[in-house]
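Subject: Handover of a structure and notes on its features

Dear colleague,

Please find below the structure that I am handing over to you. My notes on what was found in it follow directly after.

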Amino acid sequence: AAGNQNNMATGGSDVTVTFSNEIFDQNDDYNNSNYTFTAPVTGRYMLSTQGYLLNVDTAASYNQMTIRTSNRAYYWLLDPNGLDADVSYFPFTVVSLVDMDANDTAYVAFNQNNGTAQTDIDTSSRFSGYLVA
């Protein structure tokens, strides 16, 4: 990410995570203006996202990080109600081997239901993918 994505919306709807900086993109398959990876060929792809949520609100019903592809969604879910206090740093990881056809897309989304719009996505968070077979 180019910087922290701050005060994520709390309406229970997906918010696209804005991974706007690329470390490398060998085939120009990632669009850093709409934050979407497009599969160049049909195959199996290893997709992953990892990083930290900052200032996690315990009043939220849940926090969810998702890799959404054209075919399916792959989730990480946190129920912060069991925490004693708002959390400064909370790690997330979603990793999956996914089937994608040529021109299928994938992106990362965050979803928080209820609570205060105070949760941030740390700038050290990453999204990556590569063709396996």
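In these notes, a residue is called buried when its relative accessible area is under 20%, exposed when that area is over 50%, and partly exposed in between, with a 1.4 Å probe and protein chains only. The model is predicted, so local features need pLDDT of at least 70 and side-chain atom pairs count only at pLDDT 80 or more, while totals for chains, interfaces and linings use all residues. Residues are numbered from 1 along each chain as its sequence is written, and side-chain values use heavy atoms, with hydrogens and water left out.

Aromatic pairs

A pair of aromatic rings is described by the distance of the centres and the angle of the planes. Rings of Phe, Tyr and Trp (its six-membered ring) pair if their centres lie within 6.5 Å; planes under 30 degrees apart count as stacked, over 60 as edge-to-face and the rest as tilted. The count by this rule is 6 aromatic pairs. One of them joins Phe37 and Tyr45: the ring centres are 5.7 Å apart and the planes stand at 65°, so the pair is edge-to-face. Both partners are buried, Phe37 with a relative accessible area of 10% and Tyr45 with one of 1%.

The rings of Trp76 and Phe92 have centres 6.0 Å apart and planes at 55°, so this pair is tilted. The pair links distant parts of the chain, with Trp76 in strand 6 (residues 73-78) and Phe92 in strand 7 (residues 87-100), 16 residues apart. Strands here are DSSP runs (E, at least two residues), numbered from the N terminus. Trp76 counts as buried because its relative accessibility is 14%, and Phe92 is likewise buried, at 2%.

A buried asparagine

Asn63 is found in strand 5 (residues 62-69). Its relative accessible area is 0%, so Asn63 is buried. Leaving aside residues up to four places away in sequence, Asn63 touches Leu53, Val56, Trp76, Leu77, Leu78, Pro80, Phe110, Asn111 and Gln112, where contact means heavy atoms within 4.5 Å. Trp76, from the tilted pair, is thus also among the contacts of Asn63.

Salt bridges

Side chains of opposite charge can pair when their charged atoms come close. With a salt bridge taken as a side-chain nitrogen of Lys or Arg within 4 Å of a carboxyl oxygen of Asp or Glu, a search of the whole structure finds 2. In one, the closest N and O atoms of Arg68 and Asp14 are 2.5 Å apart. This pair links distant parts of the chain: Arg68 lies in strand 5 and Asp14 in the segment before strand 1 (15-16), 54 residues apart. Arg68 is partly exposed at 21% relative accessibility, as is Asp14 at 32%.

The side chains of Arg72 and Asp99 also meet in a salt bridge, at 2.8 Å from N to O. Here too the pair links distant parts of the chain, with Arg72 in the loop between strand 5 and strand 6 and Asp99 in strand 7, 27 residues apart. Arg72 has a relative accessible area of 43% and is therefore partly exposed; Asp99 counts as partly exposed at 29%.

Backbone angles

Which residues other than glycine have a positive phi? Asn55 has a phi near 55°, and Asn103 has one of about 75°. Asn55 lies in strand 4 and is partly exposed, with a relative accessible area of 34%. Asn103 lies in the loop between strand 7 and strand 8 (105-113) and counts as exposed at 60%.

The largest pocket

On a 1 Å grid over the protein atoms alone, a pocket is an open set of points where a 1.4 Å probe fits, with protein on both sides within 12 Å along at least five of seven lines; lining residues have an atom within 4 Å of a point. The largest pocket has a volume of about 650 Å³, the volume being the space filled by probe spheres set on the points, which are joined across faces, edges and corners. Its lining comprises 23 residues, and Phe24, Asp25, Phe127, Ser128 and Gly129 lie nearest the centre. Strand 4 (43-56) and strand 10 (126-131) each supply at least two residues of the lining, and strand 10 gives the most, with 6.

Yours sincerely

Technical notes. Helices (H or I, at least four residues) and strands (E, at least two) are DSSP runs, numbered from the N terminus.
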